[in-house]
Amino acid sequence: MGEIQYEIQNIVVTGKLAPSLNLLEINEKVSGSVYEPGKFPALRIKKFGVGFLLYSSGNFVCSGARSVDEAREKVNNLVQILRDNGIDVQVPKIAVRNIVVSVDLQRNLRLHELAYAIPDSEYDPEAFPGMKLHRGSMRILVFRTGKAVIPGLRTIEEIENTIGWLNRTLDEAEKQIETFKKPRF
């Protein structure tokens with residue numbers, strides 16, 4: 001089996017555009033923005049294939065990009081739109097808060113048996129079709145097809161370390177399963 005491939009599905013970045021933002025003014029000036037202060041404290045903007053949340057504190061969240069460079073580009077696009085509408089904002093430093101990756105482990109998995117062999121795992125196919133593995137505060141979703149979804153990552157190194165851990169954990173559990181006693185009838 002070769003190198004396990006993964007694909008970044010979503011990156012969430014945060015930053016600060018200004019010392020404060022007048023969300024009512026932005027909502028009036030920027031088309032497609034939604035601000036419902038009684039329901040949600042942030043102004044929402046969906047543009048360029050990503051979603052933004054802007055807060056009166058000047059902070060923002062951007063989700064939906066598939067790379068840090070793409071997220072940076074989308075944030076720069078937002079800055080330009082705000083500036084074009086007379087809103088005084090800076091190009092922010094962005095911080096990666098969450099990376100969600102999908103992985104193809106290139107094998108079918110026997111989830112009932114694996115859940116029995118792996119501590120800190122959950123599998124209830126009536127409630128959810130995947131097995132949940134816990135690694136610290138992270139919950140990894142693993143499916144019978146060998147596909148997995150890993151949220152809560154922040155760096156490429158963390159992605160690769162987590163995929164390595166997942167593969168080793170499944171390998172060890174599969175070896176353990178092979179040693180289970182078969183009932184004699």
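The secondary structure of the protein comprises 4 helices and 10 strands (DSSP runs, numbered from the N terminus; helices are H or I of at least four residues, strands E of at least two). Along the sequence these elements follow the order β-α-β-β-β-β-α-β-α-β-β-β-β-α. The radius of gyration is 22 Å, well over the 16 Å that the globule rule gives for 185 residues, so the protein is more spread out than a compact globule. This radius is taken over C-alpha atoms, and the rule is 2.2 Å times the number of residues to the power 0.38. The C-alpha trace spans about 80 × 35 × 25 Å along its principal axes.

The model is predicted; local features need pLDDT of at least 70, side-chain atom pairs count only at pLDDT 80 or more, and totals for chains, interfaces and linings use all residues. Residues are numbered from 1 along each chain as its sequence is written, and side-chain values use heavy atoms, without hydrogens and water.

Of the 185 residues, 38% are buried (under 20% relative accessible area, 1.4 Å probe, protein chains only). Among contacts (heavy atoms within 4.5 Å) between residues at least 6 apart in sequence, 61% join residues at least 24 apart.

Helix α4 covers residues 156-178. Its 23 residues should span 33 Å at 1.5 Å a residue, which agrees with the 33 Å between its end C-alpha atoms. The expected span is 1.5 Å times one less than the number of residues. Buried positions in α4 include I159, I163, L166, L170 and I177. An α-helix has 3.6 residues a turn, so residues three or four places apart point the same way. Cover for the buried residues of α4 includes β1 (6-16), β6 (95-104), α3 (111-117) and β10 (147-153).

Conventions
Buried means under 20% relative accessible area, exposed over 50%, partly exposed in between (1.4 Å probe, protein chains only).
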